[in-house]
Amino acid sequence: MASPVKPKDEKEQVKQSSLAYLRAWGESPVPPTLAATLITSLHARPPQLLPLLFPPVLLASSFLNIYNYTTDAAGISAAWSGLYILLARRRKPDHMMQRFGTRGVVRGTAMGVCLVNLVAGGWVYGTGKGEKDGETIR
């Protein structure tokens, strides 16, 4: 009776799958669109001009991603998500209810999505080759 083949190192297999998941998140056009939607919902009423500069750039990175500039789109998404995190961290809620109200939950979700965009997009941009349809453009 033959025994099943075991992987050499289970930690290596888990590490590879987590990096593959990180790469898939960074190469997807959906997370920047989600971040842009959440940022717009937070800062559209009342209009706050500085935070409303972020959604068009994030949507433009999604547009670039759709046109196979995945590495460059990941870099743009990572950079602008990091800038939004810096901007959003300045605001400190006064009361506990402001943190767990509707706006607080949406703000926390937006910051969380931007944090994952920062890490995943940075990984894709750092390990990417700058390719479009298999042709090196750098």
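The model is predicted, so local features need pLDDT of at least 70 and side-chain atom pairs count only at pLDDT 80 or more, while totals for chains, interfaces and linings use all residues. Residues are numbered from 1 along each chain as its sequence is written, and side-chain values use heavy atoms, with hydrogens and water left out.

The protein chain has six helices and two strands. Helices (H or I, at least four residues) and strands (E, at least two) are DSSP runs, numbered from the N terminus. Along the sequence the pattern reads α-α-α-α-α-α-β-β.

Of the 138 residues, 30% count as buried (under 20% relative accessible area, 1.4 Å probe, protein chains only). The chain exposes about 9400 Å² (Shrake-Rupley method, 1.4 Å probe). Carbon and sulfur atoms supply 64% of that area. Among contacts (heavy atoms within 4.5 Å) with a separation of 6 or more, 69% join residues 24 or more positions apart.

Now the helix pair. The axes of α2 and α3 come within 8 Å and cross at roughly 165°. Axes are lines fitted to C-alpha atoms over the stretch in contact, and angles run from 0 to 180 degrees between N-to-C directions. The two helices are therefore roughly antiparallel (over 145 degrees). These residues make the contact:

| Helix | Range | Contact residues |
|---|---|---|
| α2 | residues 30–43 | P32, T33, A35, A36, I39, T40 |
| α3 | residues 54–66 | F54, P55, L58, L59, S61, S62 |

By class, the contact has eight nonpolar, four polar and no charged residues. Ala, Val, Leu, Ile, Met, Phe, Trp, Tyr, Cys and Pro count as nonpolar, Asp, Glu, Lys and Arg as charged, and the others, Gly among them, as polar.

Methods: Parallel < 35°, antiparallel > 145°, perpendicular 65-115°, else oblique. Buried < 20%, exposed > 50% of the residue type's maximum accessible area, 1.4 Å probe, protein only.
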